[in-house]
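This note sets out points for a colleague who is reading the model alongside its sequence.

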Amino acid sequence: SAFRTTLQAHTSPPSNMAAAAPIKFAYWDIRGLAEPIRHMLNYAGADFEDIRYKVTGDATSGWDRSAWTSVKPTLGLAYPNLPYLIDGDLKLTQSNAIARYVAAK
């Protein structure tokens, strides 16, 4: 029926992201600003690498962010910050910009 076709169109994840090369998406090893984008990528069926940077240490001995800071200058990001998304030659930072890109793709 027409209702069933419309329902499937609105509840099935789009397949247009599955054929692309793997996307690299990175954030700290927490949900935070990245979680809505992770949900969007999963819903869209995107082939993506979920990179999570860990912070070790504590407030008294100091925080060790070297997992991120050692990689940061090597990525070629215009504004090296987390979260970031790399899709082929496209490199984005800022969660809202990434979310808009994923939604449009």
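Strands, like helices, are taken here as DSSP runs, a strand having at least two residues in state E, and they are numbered from the N terminus.

1. Overall make-up. The structure is a predicted model. The protein has four helices and six strands, and from the N terminus on these elements follow the order α-β-α-β-β-β-α-β-β-α. Of the 105 residues in the protein, 28% are buried. The exposed surface comes to about 6900 Å², of which carbon and sulfur atoms supply 55%. Among contacts between residues at least 6 apart in sequence, 52% join residues at least 24 apart.

2. The sheet. Four strands form an open sheet in the order β2-β1-β5-β6, and the pairing is mixed. The edges are taken by β2 (48-53) and β6, each of which has a single partner strand, so one side of each is left without a neighbour in the sheet. On average, neighbouring strands are turned by 15° against each other, direction ignored.

3. Helices on the sheet. Helix α2 (residues 35-43) packs on this sheet and touches β1 and β2; the direction of α2 makes about 155° with that of β1. Helix α4 (residues 95-104) also packs on the sheet, with β1, β5 and β6 as the strands it touches. The direction of α4 makes about 135° with that of β6.

4. Strand β5 and its partners. Strand β1 (residues 23-28) and β5 run antiparallel and are joined by three bridges; K24 has I86 as its bridge partner in β5. On the other pairing, β5 and strand β6 (residues 90-93) are also antiparallel, with four bridges between them, and D87 has L90 as its bridge partner in β6. The strands β5 and β6 form a hairpin with two residues between them. In that turn, G88 has a positive phi of about 65°.

5. Is T93 buried or exposed? T93 has a relative accessibility of 11%, and therefore counts as buried, because the cut-off for that class is under 20%. Leaving aside residues up to four places away in sequence, T93 touches L77, Y79, N81, P83, Y84 and I98. A polar atom of the T93 side chain lies 3.3 Å from the backbone oxygen of Y79.

6. W28 in β1. The residue W28 is found in strand β1. With a relative accessible area of 21%, W28 is partly exposed, because that class begins where the buried class, under 20%, ends. Residues up to four places away in sequence not counted, W28 touches R38, R52, Y53, V55, R65, W68 and L82. The C-alpha atoms of W28 and A67 are separated by 9.7 Å, and these residues are 39 apart along the chain.

Note on methods: Residues numbered from 1 in each chain as written. Predicted model: local features only at pLDDT ≥ 70, side-chain atom pairs only at ≥ 80, totals over all residues. Heavy atoms only, no water. Pairing = 2+ DSSP bridges. Buried < 20%, exposed > 50% of the residue type's maximum accessible area, 1.4 Å probe, protein only. Contact = heavy atoms within 4.5 Å. Axes fitted to C-alpha atoms, helices over the stretch in contact; angles between N-to-C directions. Polar contact = N/O pair within 3.5 Å; in protein donor to acceptor, adjacent residues only side chain to side chain. Areas by Shrake-Rupley, 256 points an atom, 1.4 Å probe, with all protein chains shown as cover.
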